[in-house]
Amino acid sequence: SEDVVDELLGLLGAQLNGRTPTADDVPNLPFTRAVVDESMRLYPPAYIFFRRAKEDDVVCGCRIHRGGAVVIAPMAFHRDPAFWEQPDRFWPERWLQPSAKERPRFAFLPFSGGPRQCIGNHFAIMEAVLVLATLAQRFAPTLKTWPPSEYLVTLRPAGGLPMRLCSAPA
């Protein structure tokens, strides 16, 4: 995205002086973080997971028996219009709006949630922001074709993401 490059070039001039971004720079890259979050909203790595009910319960009018399996599909509610305006649109700016803080806690679960949440989630997000920030300084990628999704342990593009890399604008 040109906005990511603009943000990074502004950061480079103001703070980085040409160096590679580090973990300390992540808080200063809000739009880059928004691009990562929006990508994970549309294509969450943990697109489906299961939990066992510890006791009988009723959820949204459905009876769940103790020991029963509960299927949670973040990919479905990450696109629920009750939580997301224009849910199928890639729109990173949604994460920078004040209303983003009003969204229910479990409306965004790219790495599951609660006590069974992935312990590497904060590292994964930081790493994704830094990789994107580093690459966006050097390259302007163009996606050749959008591949179908491959639903394995985690969600990923089947066959990778074929891209053409050009030098980023100076």
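The conversation below goes through the terms one at a time.

Biologist: What kind of model is this, and how are its residues numbered?
Modeller: This is a predicted model, in which local features need pLDDT of at least 70 and side-chain atom pairs count only at pLDDT 80 or more, whereas totals for chains, interfaces and linings use all residues. Residues are numbered from 1 along each chain as its sequence is written, and side-chain values use heavy atoms, with hydrogens and water left out.

Biologist: How many helices and strands are there in the chain, and what makes a stretch count as one?
Modeller: The chain has 4 helices and 8 strands, where a helix is a DSSP run of H or I with at least four residues and a strand a run of E with at least two, both numbered from the N terminus. Read from that end, the order is α-α-β-β-β-β-α-α-β-β-β-β.

Biologist: What is the span of helix 2, and what should it be?
Modeller: The expected span is 1.5 Å times one less than the number of residues; for the 13 residues of helix 2 this gives 18 Å, and because the end C-alpha atoms are 18 Å apart, the two agree.

Biologist: Why is E38 called buried?
Modeller: Buried means under 20% relative accessible area, exposed means over 50%, and partly exposed lies in between, with a 1.4 Å probe and protein chains only. E38 has 0% relative accessibility, so this residue counts as buried. E38 lies in helix 2, where 10 of the 13 residues are buried, among them F31, V35 and L42.

Biologist: Which residues does E38 touch?
Modeller: Leaving aside residues up to four places away in sequence, E38 touches R89, F90, W91, P92, R94 and W95, a contact being heavy atoms within 4.5 Å.

Biologist: Why is the pair of Y47 and Y151 called edge-to-face?
Modeller: The structure holds 5 aromatic pairs. Rings of Phe, Tyr and Trp (its six-membered ring) pair if their centres lie within 6.5 Å, and planes under 30 degrees apart count as stacked, over 60 as edge-to-face and the rest as tilted. The centres of Y47 and Y151 are 5.0 Å apart and their planes stand at 70°, so the pair is edge-to-face. Y47 is in the loop between helix 2 and strand 1 and Y151 in strand 6, so the pair ties together parts that are 104 residues apart in sequence. With a relative accessible area of 14%, Y47 is buried, while Y151, at 44%, is partly exposed.

Biologist: What makes the pair of W84 and W95 tilted?
Modeller: Here the ring centres are 5.5 Å apart and the planes are at 50°, so the pair is tilted.

Biologist: What makes strand 8 hardly covered, and with which strand does it pair?
Modeller: Among the 5 residues of strand 8, the count of buried residues is 0. Two strands pair if DSSP finds at least two bridges between them, and strand 5 and strand 8 have 5 bridges in the antiparallel sense, with P141 standing opposite L165.
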